[in-house]
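Please walk through this model with the sequence at hand.

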Amino acid sequence: MVVAKRTSKNQLTLPKAVVEQTGQADYYDVTCDNGRIVLTPLHPGGATAVRARLAELGISEADVADAVKWARQT
């Protein structure tokens with residue numbers, strides 16, 4: 001078990017062992033689940049990286065929209 005202590009300003013320091021398992025992130029999605037606080041690392045720059053990779057591959061936004069439309073056909 002890894003323990004974190006809440007400060008008087010409602011702040012937590014994430015233990016090194018936890019960060020090593022989840023990867024470093026500056027932002028976290030915070031939710032409550034049956035009395036538990038759940039922190040999910042967010043990587044806001046991820047979308048930018050995906051767009052850059054799609055551009056490198058010559059895949060346009062229209063191509064993506066067409067693929068989504070095709071995938072959603074029932």
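Leu-12 is partly exposed, because its relative accessibility is 48%. The classes are set by relative accessible area: buried means under 20%, exposed over 50%, and partly exposed in between, with a 1.4 Å probe and protein chains only. Leu-12 sits in the segment before α1. It touches Ala-4, Lys-5 and Arg-6, leaving out residues up to four places away in sequence. Contact here means heavy atoms within 4.5 Å.

This is a predicted model, in which local features need pLDDT of at least 70, side-chain atom pairs count only at pLDDT 80 or more, and totals for chains, interfaces and linings use all residues. Residues are numbered from 1 along each chain as its sequence is written, and side-chain values use heavy atoms, with hydrogens and water left out.

Asn-10 also lies in the segment before α1, a helix that covers 16–22. Its phi is positive, about 60 degrees, although Asn-10 is not a glycine. Most residues other than glycine have a negative phi. Asn-10 counts as exposed, because its relative accessibility is 57%.

Now take the whole chain. The protein has 3 helices and 2 strands. Along the sequence the pattern is α-β-β-α-α. The radius of gyration is 19 Å, well over the 11 Å that the globule rule gives for 74 residues, so the protein is more spread out than a compact globule. That radius is taken over C-alpha atoms, and the rule is 2.2 Å times the number of residues to the power 0.38. Helices (H or I, at least four residues) and strands (E, at least two) are DSSP runs, numbered from the N terminus.

Other totals fill in the picture. The C-alpha atoms fill a box of roughly 50 × 30 × 25 Å along the principal axes. Buried residues make up 4% of the 74 residues. Among contacts between residues at least 6 apart in sequence, 3% join residues at least 24 apart. The accessible surface comes to about 7000 Å², and 54% of it belongs to carbon and sulfur atoms. Areas come from the Shrake-Rupley method with a 1.4 Å probe.

Charge comes next. There are 9 positive and 8 negative side chains. The centres of the two sets lie 11 Å apart. Lys and Arg count as positive, Asp and Glu as negative; His and the chain ends are not counted. Each charge is placed at NZ of Lys, CZ of Arg, CG of Asp or CD of Glu.

How do the strands pair? β1 (residues 27–33) and β2 (residues 36–42) run antiparallel over 7 bridges. Two strands pair if DSSP finds at least two bridges between them. Thr-31 has Val-38 in β2 as its bridge partner. Asp-33 is bridged to Arg-36 in β2.

The two strands form a hairpin with 2 residues between them. Asn-34 lies in the loop between β1 and β2. Its phi is near 50 degrees, a positive value in a residue other than glycine. Asn-34 is exposed, because its relative accessible area is 78%.

Last, look at Pro-41 in strand β2. Pro-41 is partly exposed, because its relative accessible area is 22%. Which residues does Pro-41 contact, leaving aside neighbours within four places in sequence? They are Thr-22, Ala-25, Tyr-27 and Tyr-28. Pro-41 and Tyr-27 are 14 residues apart in sequence, and their C-alpha atoms are 6.2 Å apart in space.
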